[in-house]
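Please keep the sequence and the model in view while reading.

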Amino acid sequence: KVRVSKRPRVALLATGSELRPPGRTLAPGQIFESNRPMLAALLAECGAEVRAFPLVPDSLARTRGALQRAFAECDIVVTTGGASVGKLDFVKAAFAELGGNQEFWRVAIKPGKPFVFGTLAGKFLFGLPGNPVSAFVTFLLLVRPALLRWQGATETNLPAQPGTLAEPLVNRGDRRHFVRVCVEADGRVHSAGAQASHMLHSLAHANGLVDVPPETTLAAGAPVRVLRF
C-alpha cells in the first residue's frame, strides 16, 4: 500500500474589463491577458488539475457569480486582479458576500503587495495582483508552497543557489524587493532588466530572484542567494 495525496483542482480566474484574449483586435484602453496561460503552466508544474474560467469583467455581480461557480467546482480558487483598492476591484467584496473569511490582505513585498488570502467552507482563495510580474512572484512565494504542502510535500521552498553580483542591486523602498535576475553558468548574477511589475520582457530574461531587504544596496561582488525558477 502506498499513501498518496489528492491532486488539487484549481480554478483560475482573471478579472478586468480591459482584458482581451491574445490574438483579438484591441480597442483603445484594452490589453492582452497573459496571466491565465502563465499561471496555468505554473499550476500544472505543481501537480494541480487546472480549470481556466472565462475572463471576468469589472462587475460585483459577475465577480460573485464567477467565484461561486469556481468554489462549487474546485478545491482552490486563484484569481488575478481585482484585489487592490480601486473602485472596480471587486474580488474581496464578492468573496465576503459568499461568506468567505479574509485571512489577510497585502504583503510587504515588491512586486505583489495587493495579495489576498481567504477561506470558504474549507477551500482556499489566493487573490493575486493583476500585474503579470506581481502575479508570477506571489505565486512562486505564496501559492506554490501551499499547493505542494497540500499534496504532502515536506520541502516546499524554491531551489536556491549561491551567486556573486556582477552589478549593484538597489532597493530604496520600505518592502522586500524580489529582484528578477539572470544567473550565468559561472555564478555571476545580473539584473534581468527593468523591474516594473507590468514588464514581462525582463521576466522572460530572468531565471531567478534575489531578495533585497528594504532600504538596502547590495554592492557588486557581494555574495547572494538566488531563488531559481
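A residue is called buried if its relative accessible area is under 20%, exposed if over 50%, and partly exposed in between, using a 1.4 Å probe and protein chains only. T156, with a relative accessible area of 16%, is therefore buried. The model is predicted, so local features need pLDDT of at least 70 and side-chain atom pairs count only at pLDDT 80 or more, whereas totals for chains, interfaces and linings use all residues. Residues are numbered from 1 along each chain as its sequence is written, and side-chain values use heavy atoms, with hydrogens and water left out.

- Helices (H or I, at least four residues) and strands (E, at least two) are DSSP runs, numbered from the N terminus.
- T156 belongs to the loop between α4 and β10 (160-165).
- Contact means heavy atoms within 4.5 Å; leaving aside residues up to four places away in sequence, T156 touches R144, P145, L148 and R149.

**The open sheet**

- Two strands pair if DSSP finds at least two bridges between them.
- Six strands form an open sheet in the order β4-β1-β5-β9-β8-β6, and the pairing is mixed.
- Its edge strands, β4 (49-52) and β6 (101-105), each pair on one side only.
- From one strand to the next, the twist averages 20 degrees.
- β5 (residues 76-80) and β9 (residues 123-128) are parallel and share five bridges; T80 stands opposite L128 in β9.
- Helix α4 (residues 132-150) packs on the sheet, where it touches β1 (9-14), β5 and β9, and its direction makes about 165 degrees with that of β9. Axes here are lines fitted to C-alpha atoms, for helices over the stretch in contact, and angles run from 0 to 180 degrees between N-to-C directions.

**Strand β8 and its partners**

- Four of the five residues of β8 are buried.
- β6 and β8 run antiparallel and are joined by four bridges; Q102 has G118 in β8 as its bridge partner.
- β8 and β9 are also paired in the antiparallel sense, over five bridges, and T119 has F124 in β9 as its bridge partner.
- A hairpin with two residues between its strands is formed by β8 and β9, and A121 in the turn has a positive phi of about 55 degrees.

**Helix α2**

- The expected span of a helix is 1.5 Å times one less than its number of residues. For the 14 residues of α2 (residues 60-73) this gives 20 Å, which agrees with the 20 Å between its end C-alpha atoms.
- T63, A66, L67, A70 and F71 are the buried residues of α2. Seen down the helix axis, they fall within an arc of 125 degrees, so they line one face of α2; the arc is that of the directions from the helix axis to the C-beta atoms.
- An α-helix has 3.6 residues a turn, so residues three or four places apart point the same way.
- The face turned away from the buried side of α2 carries the exposed residues R62 and A72.
- The cover over the buried residues of α2 includes β1, β5, α3 (91-97), β8 (116-120) and β9.

**The setting of R180**

- R180 lies in strand β12 (residues 176-183) and is buried, with a relative accessible area of 0%.
- A polar contact is a pair of N or O atoms within 3.5 Å; within protein, one must be able to donate a hydrogen and the other to accept it, and residues adjacent in sequence count only if both atoms are side-chain atoms.
- The side chains of R180 and S202 are joined by a polar contact of 2.7 Å, and a polar atom of the R180 side chain lies 2.4 Å from the backbone oxygen of Q195.
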